[in-house]
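Have the sequence and the model open side by side.

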Amino acid sequence: MKLQSLTSTNLISTEQAFSTKEEAIRYLVDQLDQQGMLRSADEFYQSVMEREAMSATGMEGGLAIPHGKSSAVKQAAFAAATLKTPIEDWESVDENNKVELVMLLAIPEDEAGSTHLNLLAELMTRMADPAYKDKLMAAKTSEQFYEALDHEEASEASVEKADKLLLAVTACPAGIAHTYMAAEALVRAGKELNAEVKVEKQGSNGIEDRHSKKDIKRADAVIFAADVAVKDQDRFSGLPRVTTSVAAPLKNAKGIIEDAIKKSRDPQSREETEDLPEEEEQEEKSFKSEIKDSIMTGISYIIPVIVAGGMTLAFTVLISQAFGLQELYEQEGSWLWLFRQLGGEMLGTLMIPILSAYMAYSIGDKPALGPGFAAGIAANLIESGFLGGMLGGFLAGYIIKFLKKHVQTSGTFAGFVSFWLYPVAGTLSVGAIMLFVIGEPLAFLNNGLINWLEGLSGGNAILLGAIIGAMVSFDLGGPVNKAAYTFCIGAMASGNIMPYAAFASVKMVSAFAVTGATIVARNLYTKPEQEVGKQTWLLGLAGITEGAIPFMINDPLRVIPSLIAGSAVTGGIVAYFGIGLNVPGAGIFSLALVKGQPIFLAASIWLGSALIGAFISMVLLIVSRKNKLKRQKTDIETEEQTQMKTAVN
């Protein structure tokens, strides 16, 4: 990539003086605006600052690369500035980084997955060479800086006679900046230690620079720097392995390379693994890290299914209620019924098995996929919802991990064990546990909940409404939610129409709350979470709760209580005013069908209750998220201080 094609001397400033990060970014934004690169300077500045709030854009060695992807950008470009006095408080990967060179990337929204990644990767590759960066910093004029950008001699540093060939795979949940930054850090450290390092990036563009069979065959070791499950790990069977987080190379790439070289020199390390069909990690993850990575992997695979299935189902519900097509909606074989089935099957049949399968895959690699899907199907059969699916995913993953550790063979039977014994034994084991151990207690719990709810009818209306509300949002379509639904349908058949009105109103709370939280406090949420949040409110309009599941899976101890609190308030308000609904269904168009008060008043109370509950849940989601991030930051700082003390000692 020719960097000069994306900038100009008018976008380059040397020896500038800025007192804060915000001042530097604002200056560079104005430079881009003056050169006609932006539609709105304020809008682009806002997108850059939102990105700043997500994670550090300061790197190391005096470098910072802030960036923004926005529809306010007319064409991809970057502005740069060297500083007279370093900015010392720019949040950076290296906490000791003092920023002297700022390069602001402006990317159109429709080029977020192409130009953005390519430019970021190219910059990190160039900056890996200290001589290249020093030449830029030494520029006294914008013309000198511009000429140095694509100076051919600047980035010709290479390993002439490398002692070792090390392969690496980098991957982060978002699959963007850290994936590429970690890759370049490893390459740079390899050059310093006279080792050739080839890196495969598993990011948002899929697998880039995939390792060839030839390289894998002659490699001395492999490094996995990833926060999600590495795809196709079995390719590296037999190679000594170093496993770490994607952020680790940004802090200690040299130490990771040295560890890999050390393992490559240990003959026993290769001999112990070369006959295994699936490689066991040489460096075990902590249980906490393994669980976290498993959940993140599962979420990354179910989000497209939830969005596609939920929007399809929302389309059919809204069309049927808006145009009075309820009969067509119920008519088997009709076009509306078929779309309803399509969306419903994606949410009701596919979602949980996909979640379970890829959680299991994260723990037990490819042999765990079959048992993982089986665990998800079993979770559907016993109606245990996403909580049961998560439990099944963990079980399947750890069963396979146990089998791989204790049932090993080589030679002729290696393929048989890997592709027959592991998945079959794993499926039978996890299936038996899910169906015959978890199933009966769950059925008992469901029946007990329904009987308990029936005992609360009558004078305990407000309490009943609050409990129904809490149950709806406890597991978002799981057994507790289904128990509330079953009770409400039964109550409606008996002439008590209040419970179903509460149920239908609460069905909107979780979706509205998640959308509100990701908009009001977007800086607290990752870009993928923001994108899911933008669409979740539409699912809420159709009475679909599943849109909030990714947030609940990622942080159940905070999200579940937050949603329950608002939902309980909504249910209690609907019950207090005696609002009723005698037609099964959910969604905004139930407004015209509510009873118990004059139609306008009843509709206002019913919808207002959902909005009040959503507001309460939204506030709790934001507060709990802030506390979580604050605690994580404290934990990271404590860990870094401990590592520094250990290094000194």
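Contact here means heavy atoms within 4.5 Å. The model is predicted.

The largest nonpolar core has 64 residues. Ile295, Phe386, Ile549, Ile553 and Leu621 touch the most other members. Helix H12, residues 335-364, gives the most to this core, with 13 residues. A second, separate core holds 45 residues, including Ile65, Ala80, Met124 and Val197. In soluble globular proteins, nonpolar side chains tend to be buried together.

Now pick out Leu621. Leave aside its neighbours within four places in sequence. Leu621 is then in contact with Ala513, Val514, Ala517, Tyr525, Val559, Ser562 and Leu563.

Ser505 sits in helix H18, residues 498-506. Is Ser505 buried or exposed? Its relative accessibility is 0%, so Ser505 counts as buried. Not counting residues up to four places away in sequence, Ser505 touches Thr570, Val574, Trp606, Ser609 and Ala610.

Helix H4 spans residues 130-137, and Tyr132, Lys133 and Leu136 are buried there. Viewed down the axis of H4, the buried residues fall within an arc of 95°, so they line one face of the helix. An α-helix has 3.6 residues a turn, so residues three or four places apart point the same way.

Ile377, Leu381, Leu435, Phe436 and Val437 make a nonpolar patch of about 530 Å². Helix H13 (369-381) and helix H15 (414-455) each supply at least two of its residues. H15 gives the most, with three residues. Leu381 lies in H13. At 61% relative accessibility, Leu381 counts as exposed, because the cut-off for exposed is over 50%.

Next come the charges. Side chains of opposite charge can pair when their charged atoms come close. How many salt bridges does the structure hold? There are 16 salt bridges. In one of them, Arg26 pairs with Asp42, and the closest N and O atoms are 3.3 Å apart. Arg26 is in helix H1 (residues 21-34) and Asp42 in helix H2 (residues 41-54), 16 residues apart. Arg26 is partly exposed at 24% relative accessible area, while Asp42 is exposed at 53%.

H2 takes part in another pair. Glu50 of H2 forms a salt bridge with Arg522, at 2.9 Å from N to O. Arg522 lies in the loop between helix H19 (509-520) and helix H20 (527-541), and the two partners are 472 residues apart. Arg522 is partly exposed, with a relative accessible area of 33%. Glu50 is buried, at 16%.

Lys401 and Glu290 meet in a salt bridge too, at 2.7 Å from N to O. Lys401 is in helix H14 (residues 385-406) and Glu290 in helix H10 (residues 287-322), 111 residues apart. Lys401 counts as buried at 18% relative accessibility. Glu290 is also buried, at 8%. Elsewhere, Lys21, Glu52 and Glu91 are linked in a network of salt bridges.

Finish with the backbone. Most residues other than glycine have a negative phi. Glu15, in strand S1 (residues 12-16), has a positive phi near 50°. Glu15 is partly exposed, with a relative accessible area of 37%. Asn194 has a positive phi near 60°. Asn194 lies in the loop between helix H6 (177-192) and strand S7 (195-203). At 27% relative accessibility, Asn194 counts as partly exposed.

Methods
Residues are numbered from 1 along each chain as its sequence is written. This is a predicted model: local features need pLDDT of at least 70, side-chain atom pairs count only at pLDDT 80 or more; totals for chains, interfaces and linings use all residues. Side-chain values use heavy atoms; hydrogens and water are left out. Patches are made of residues with over 30% relative accessible area and no salt bridge: like charges are joined within 9 Å, nonpolar side chains (Val, Leu, Ile, Met, Phe, Trp, Tyr) within 5 Å. Accessible areas come from the Shrake-Rupley method with a 1.4 Å probe; for residues, only the protein chains shown count as cover. A salt bridge is a side-chain nitrogen of Lys or Arg within 4 Å of a carboxyl oxygen of Asp or Glu. Helices (H or I, at least four residues) and strands (E, at least two) are DSSP runs, numbered from the N terminus. Buried means under 20% relative accessible area, exposed over 50%, partly exposed in between (1.4 Å probe, protein chains only). The arc is that of the directions from the helix axis to the C-beta atoms. A nonpolar core is a set of buried Ala, Val, Leu, Ile, Met, Phe, Trp, Tyr and Cys residues joined through side-chain atoms within 4.5 Å.
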